[in-house]
Amino acid sequence: MSSVELDHITIRFGDFVAVDNCDLTINSGEFFSFLGPSGCGKTTILRAVSGFSEPTEGSVRIGGRDMRGIGPNKRPTALIFQNLALFPLMSVADNIAFGLEVSGVNFKERRRRADELLELIALPRQGDKMVSELSGGQRQRVAIARALAVEPEVLLLDEPLSALDLKLRQHMRSELRAIQQRVGITFIYITHDQGEALTMSDRIAVMSDGIVQQVGNGADIYNNPSTSFVASFVGENNAFQGKVIRSEDGYAVIETSFGPLRGINKRGLSEGDDAYLFIRPEALRPFEGADASDDTSFQSEILKEEFEGSFLHVFLRSDNELKPVKMALINDASIARHAIGQNFGMKFDPNFAVALPVGELADE
Amino acid sequence: MNELTGPEITMMAQAQITPSLPTPSAPAPETPTAPSAPSNGSFSITPSLPGSAPTPQINPSITPQLPGGAPSISPSLPGSTGTTVQPSNPAPEPTPADGGIGFAEVFIAIVAALLVALFMQRKAGKLSANLSAMQFVQRNGLAISAYLLTFTIGWIVFMIILPQLYMFDFSFRHNLLPMEIGGPKDVYTLKNYKYLMFGREGGGEMLNWLHLAVFFKTIIASVIVTIINFLLCYPLAFFMAQMVKGRGQRLLFLCLLLPFWVNEILRAFAFKLIFAELGLVNAFLIGLGILDQPYDFLGANVALYTGLTYAYILLMIFPLYNAIESLDHNQIEAARDMGASWLKIHLRIVMPHAKPGIASGCTMVFMLTAGALAAPNILGGPSSLWFTQIIYQWYNTGGNWPQGSAYAFVLLLSCIIFVRIMMRVFKVGLGDIAKR
């Protein structure tokens, strides 16, 4: 068990900055996730921790030991690849025991360890099978066992669930979490899937364009996003753009195309600032007596509706005729589907609305 | 088209058998022309080929021997000795004269029968095969289908099966004068093979050590050349397949290919110049003070082995490159992450994955090295002899084609057996190799 310290890491490829001054500490025994869209630099960080690349600036410390110049085969880490990279020409047991084999452990001991780990991943007596005979989920678990066999202090996982179908992915989430709690070592998990990050992690770092936007536990990141990117990337959210007209008692009132709207002001916005107000779908409810001058309700004409299972997307007419505002609503019984062209009123609790400085939004 | 190949093969088999017929020495009436014909071995091939079109241009006197031509001459034969053959019945009756061995005929007949049986079985066993044949014609049109099939089958029959069978048949014959061919002396014999093993009859030696030694030396040297080739090419192929990408890779390929735009013989001469007494290598080593006087690289066969190694380097690199290139780079990284050293990664991950490519490259290089002629001829030292050079001598200066055929056949068969044993040892299937 070891903590991992990323001490002001910057990684450049030529002129391209893949990771920009990332400075954080991952605690010993923690399940820590890097969450971000593809190309945000999260895999680059993982490779720097595993030793396949070196940071251009700054250093990686594992258990307090500087890892500069130490190759991936000498680091106390084990990496699980996105495509798992199991060895197809070896049996399951040989795969699991490969790390022991190359470090000179004898056959009997290897076999014993492999059987032990097969037990741990709930695949007992499957050691003689070939990898190709296993299902996707079973391969997943073999990859985990193979990584655990070398008894790493830190296990690194590079989107290992992305190749699985939805149901299996959801099942593997809880299984991964359970394995982590059983072995008790540090897990660093890379994903673009917020569901994975939120369900499994102790803490999450949300990344965008090489910059760590926010670090915190799942609830923190969901309820108190600190940048517009985090607010729009994690979970469904509705963004209203405008200028701050008032700032009072920890709230900011923003003049949007639907009139003034109020939200919590944690970033110290002051009058005249460009800002976004983010309102979660679950904080919005239909309201007949909506009034444009009231700063906790609004109304507009529905131009289009899209039904998406748990969410209902409505497109509302705004100042800009060409660009309707897309809103996500919880598809519960209280929201009956509305006819196109109807006027539509909504009310929200300003304590669940967040005002943030204008910045990058996650792509739709 | 399948039906066509069956009869073709049987026809061919018949043709092979015909010469052993005690046909009343056909060229006899034209004896005056026979001596004027070139007496080298090459002449003797033509008579026994049934459909060889160019033969009439060379010497019209042969035509009577063709099965179809036989009836027309036979009446004019004055005193035909031996068994009489009905002119109207050209069907071959294998009646070997004076105790000649008939087993080559039997062998060929069996092979032909097997091939016919194979085709019959294919046809009978798989109705769907017929269906797919029809689909093939429908898809490609009649003209293109006929073109494709004619050339594919033509290739297989005329370029692969017939020459090999012909050489095989030839290796069991006596080296006869042209006029004796088809005559009573034209019988099958094992003497050509016996010669390779035991030398001249009554030669005093137990075994034909001279030629056997050359044979084994050729095989062993080919193995060594193959191993050196592999050791040289593996790192290069790995580097090109897994380490460089894009421009660098293209440049490397070009560097590999460029020298092979030069003719093989010229390349061999280039090596001769490089390794000559006053050549580049000697000048360099003397210049560095490593040698006092020029070393005879040619005499020590250094030039020969270098030239042989270089000659087929591409046939090693490309199968290796293809095999290694298909390996997921993550596997290498995973092994490395697991703590494996570079040696372990290659032994346990890369080489097992590349095994079919390694087998393919080694097979090609071994076969071609064992059968090389230009490099040994040009670069070989005075004491060295490659087995192919002996074959060449039998054919060319020795004028003994049957003897040469026997030697060539032994070399071919030994190489195939050796390769198959190696494949068995390393557990590689024939299909794996063909894929590369």
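Chain B is divided into domain 1 (2–189) and domain 2 (209–435). The contact between them takes 10 residues from domain 1 of chain B and 10 residues from domain 2 of chain B. On the domain 1 side, these residues fall into 3 nonpolar, 6 polar and 1 charged. The model described here is predicted.

**Chain B**

Chain B holds 20 helices and 0 strands. It has 436 residues, and 31% of them count as buried. Take the contacts in chain B with a separation of 6 or more: 72% of them join residues 24 or more positions apart.

One place to look is B:Gly361. This residue is found in helix 16 of chain B. Is B:Gly361 buried or exposed? B:Gly361 counts as buried, because it has 31 C-beta neighbours inside 10 Å and the cut-off for burial is 20 or more. Beyond residues up to four places away in sequence, B:Gly361 touches B:Phe230, B:Leu315, B:Met316, B:Pro319 and B:Leu320.

The list runs B:Cys233, B:Tyr234, B:Ala237, B:Ala354, B:Gly357, B:Ile358 and B:Gly361.

**The largest nonpolar core**

Two of these names return in the core. The largest nonpolar core has 167 residues, and those that touch the most other members are A:Leu156, A:Ile188, A:Leu277, B:Ala237 and B:Leu320. Which element gives the most to this core? Helix 16 (residues 342–370) of chain B does, with 12 residues. In soluble globular proteins, nonpolar side chains tend to be buried together.

**Where the chains meet**

16 residues of chain A are in contact with 16 residues of chain B. On the chain A side, strand 6 (77–80) and helix 3 (98–102) of chain A are the elements that give two or more residues. Helix 3 of chain A gives the largest share, 3 residues. By class, this side of chain A has 11 nonpolar, 5 polar and no charged residues.

**Domains of chain A**

Chain A is also assigned two domains: domain 1 (4–228) and domain 2 (229–357). Taken over C-alpha atoms, the centres of domain 1 of chain A and domain 2 of chain A are separated by 38 Å. Their contact takes 12 residues from domain 1 of chain A and 11 residues from domain 2 of chain A. On the domain 1 side, the elements that give two or more residues are strand 9 (203–208), strand 10 (211–216) and helix 8 (218–223) of chain A. That side divides into 4 nonpolar, 8 polar and no charged residues.

**Strands of chain A**

Chain A contains a barrel. 5 strands close it in the order 11-12-13-20-14, and the pairing is mixed. On average, neighbouring strands of this sheet are turned by 55° against each other, direction ignored.

Strand 19 (residues 343–348) of chain A shows two faces. A:Phe344, A:Met346 and A:Phe348 make up the covered face, while A:Asn343, A:Gly345 and A:Lys347 make up the uncovered one. Strand 19 of chain A pairs with strand 15 and with strand 16 of chain A. Within these pairs, A:Phe348 is the bridge partner of A:Leu284, and A:Phe344 is the bridge partner of A:Ser300. In strand 20 of chain A, A:Val354 is the bridge partner of A:Phe278.

| Strand | Partner strand | Sense and bridges |
|---|---|---|
| Strand 14 (residues 274–279) of chain A | Strand 20 (residues 353–357) of chain A | antiparallel, 5 bridges |
| Strand 15 (residues 284–286) of chain A | Strand 19 of chain A | antiparallel, 3 bridges |
| Strand 16 (residues 297–308) of chain A | Strand 19 of chain A | antiparallel, 5 bridges |

**Two loop residues with positive phi**

A:Ala122 is found in the loop between helix 4 (107–120) and helix 5 (136–149) of chain A. Its phi is near 60°, a positive value in a residue other than glycine. A:Ala122 counts as exposed because it has 11 C-beta neighbours inside 10 Å.

A:Asp249 is found in the loop between strand 11 (238–248) and strand 12 (251–256) of chain A. Phi of A:Asp249 is near 50°, a positive value in a residue other than glycine. With 5 C-beta neighbours inside 10 Å, A:Asp249 counts as exposed.

How values were computed: Residues numbered from 1 in each chain as written. Chains lettered and ligands numbered in written order. Predicted model: local features only at pLDDT ≥ 70, side-chain atom pairs only at ≥ 80, totals over all residues. Core = buried A, V, L, I, M, F, W, Y, C linked by C-beta atoms within 7 Å. Buried ≥ 20, exposed ≤ 12 C-beta atoms within 10 Å, placed from the backbone. Helix = DSSP H or I, 4+ residues; strand = E, 2+ residues; numbered from the N terminus. Contact = placed C-beta atoms within 7 Å. Nonpolar A, V, L, I, M, F, W, Y, C, P; charged D, E, K, R; others polar. Domains from an automatic or database assignment. Pairing = 2+ DSSP bridges. Axes fitted to C-alpha atoms, helices over the stretch in contact; angles between N-to-C directions.
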